[in-house]
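Please have a look at the sequence and the fold before reading on.

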Amino acid sequence: KPCPLCDEAKEVLEPYRRRFILQEVDITLPENSAWYDKYKYDIPVFHLNGKFIMKHQVDIQKFKDELMKLELQTDGNQ
C-alpha cells in the first residue's frame with residue numbers, strides 16, 4: 001500500500017469477481033520475498049489457477065479468454 005496500479009486493476013476485474021477468487025499478495029512482506037525478487041518491477045502481476053497470465057495492467061480480453069478456458073476445464077471435470 002498504496003498501489004494505484006493494483007487498485008486500477010481490481011476495478012477492471014470487478015465485473016468478473018463472481019467467477020474467480022482474488023487473492024492479493026503483498027510482495028513487500030518478508031514471507032513473500034520470492035515474489036518480490038521475481039516481480040518487484042512488474043506489479044501488478046496476475047496468475048489464474050497458478051498460471052501466470054499478465055503483468056502491469058489488465059488485458060481484459062486475455063483475462064476473459066483464460067477464465068473461460070479454466071471454466072470449461074472445470075465444467076468438464078464435474
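**Salt bridges and a hairpin**

D42 and K55 form a salt bridge whose closest N and O atoms are 3.6 Å apart; the term stands for a side-chain nitrogen of Lys or Arg within 4 Å of a carboxyl oxygen of Asp or Glu. Because D42 sits in the loop between α2 (33–39) and β1 while K55 belongs to strand β2, the pair ties together parts that are 13 residues apart in sequence. Keep in mind that this is a predicted model, where local features need pLDDT of at least 70 and side-chain atom pairs count only at pLDDT 80 or more, while totals for chains, interfaces and linings use all residues. Residues are numbered from 1 along each chain as its sequence is written, and side-chain values use heavy atoms, with hydrogens and water left out.

**Accessibility of the loop-to-strand pair**

- D42 counts as buried at 17% relative accessibility, where buried means under 20% relative accessible area, exposed over 50% and partly exposed in between (1.4 Å probe, protein chains only).
- K55, its partner, is partly exposed at 36%.

**Other charged pairs**

- Salt bridges that share partners link D7, K10 and E24 into one network.
- Within it, K10 pairs with D7, their closest N and O atoms lying 3.8 Å apart.
- Both K10 and D7 belong to helix α1 (residues 4–13), where they are three residues apart, about one turn of the helix; helices (H or I, at least four residues) and strands (E, at least two) are DSSP runs, numbered from the N terminus.
- K10 is partly exposed, with a relative accessible area of 23%, and D7 is partly exposed too, at 36%.
- R17 makes a salt bridge with E14, with 3.9 Å between the closest N and O atoms.
- R17 is partly exposed at 34%, and E14 is partly exposed at 46%.
- The count of salt bridges comes to seven.

**The hairpin**

- Strands β1 (residues 45–48) and β2 (residues 51–55) run antiparallel and are joined by four bridges; two strands pair if DSSP finds at least two bridges between them.
- F46 stands opposite M54 in β2.
- Two residues lie between the strands of this hairpin, and N49 takes a positive phi near 55°.

**A buried glutamate**

- E66 lies in helix α3 (residues 60–76) and counts as buried, at 12% relative accessibility.
- Beyond its neighbours within four places in sequence, E66 is in contact (heavy atoms within 4.5 Å) with L48, K51 and I53.
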